[in-house]
Amino acid sequence: MTEPVDEYATQQVKEFEGKKLKNCSKEGFELEETDEEKKQFEEEKQAFEGLCKLIKDVLGDKVEKVVVSNRIIDSPCVLVTGE
């Protein structure tokens, strides 16, 4: 979905063929994970806690919060909007 009207359409059409549509650029987007993946993510989250705090301190009021996410793979960061 790459057209500007797609965001409006997904706000109106909440479900398609039994699948819920969700905007991945908004806060609260989660992928299904196994227990092992959840455990690994929690370990990574703890490992990067200091870096997240440093980035938040540097950016200050320009960002609301800085968190570790499993949303992206090839990019160092992503900006998301509130839900």
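Reply: Let's start with Asp6, which is buried at a relative accessible area of 16%; buried here means under 20% relative accessible area, exposed over 50% and partly exposed in between, with a 1.4 Å probe and protein chains only. Bear in mind that this is a predicted model, where local features need pLDDT of at least 70, side-chain atom pairs count only at pLDDT 80 or more, and totals for chains, interfaces and linings use all residues. Residues are numbered from 1 along each chain as its sequence is written, and side-chain values use heavy atoms, with hydrogens and water left out.

Asp6 sits in helix α1; helices are DSSP runs of H or I with at least four residues, numbered from the N terminus. A polar atom of the Asp6 side chain lies 2.8 Å from the backbone nitrogen of Thr2.

Ala9 belongs to helix α1 too, which covers residues 5–12. Ala9 counts as partly exposed because its relative accessibility is 29%. From Ala9 to Cys24 is 15 residues in sequence and 14 Å in space, C-alpha to C-alpha.

Now for the pockets. A pocket is found on a 1 Å grid over the protein atoms alone, as an open set of points where a 1.4 Å probe fits, with protein on both sides within 12 Å along at least five of seven lines; lining residues have an atom within 4 Å of a point. The second largest pocket holds about 270 Å³, a volume being the space filled by probe spheres set on the points. Its lining has 12 residues, with Lys14, Leu21, Lys22, Asn23 and Lys26 nearest the centre. By class, that lining splits into 2 nonpolar, 4 polar and 6 charged, where Asp, Glu, Lys and Arg count as charged, Ala, Val, Leu, Ile, Met, Phe, Trp, Tyr, Cys and Pro as nonpolar, and the others, Gly among them, as polar.

The largest pocket has a volume of about 1,300 Å³. The elements giving two or more residues to its lining are α2 (35–47) and α3, and α2 gives the most, with 5 residues. In total 35 residues line the largest pocket, and Val66, Val67, Val68, Ser69 and Val78 lie nearest its centre. Its lining comprises 18 nonpolar, 6 polar and 11 charged residues.

As for helix α3 (residues 49–59), 1 of its 11 residues is buried, so α3 lies largely in the open. After α3 comes Gly60, with a positive phi near 60°.

Key: A polar contact is a pair of N or O atoms within 3.5 Å; within protein, one must be able to donate a hydrogen and the other to accept it, and residues adjacent in sequence count only if both atoms are side-chain atoms.
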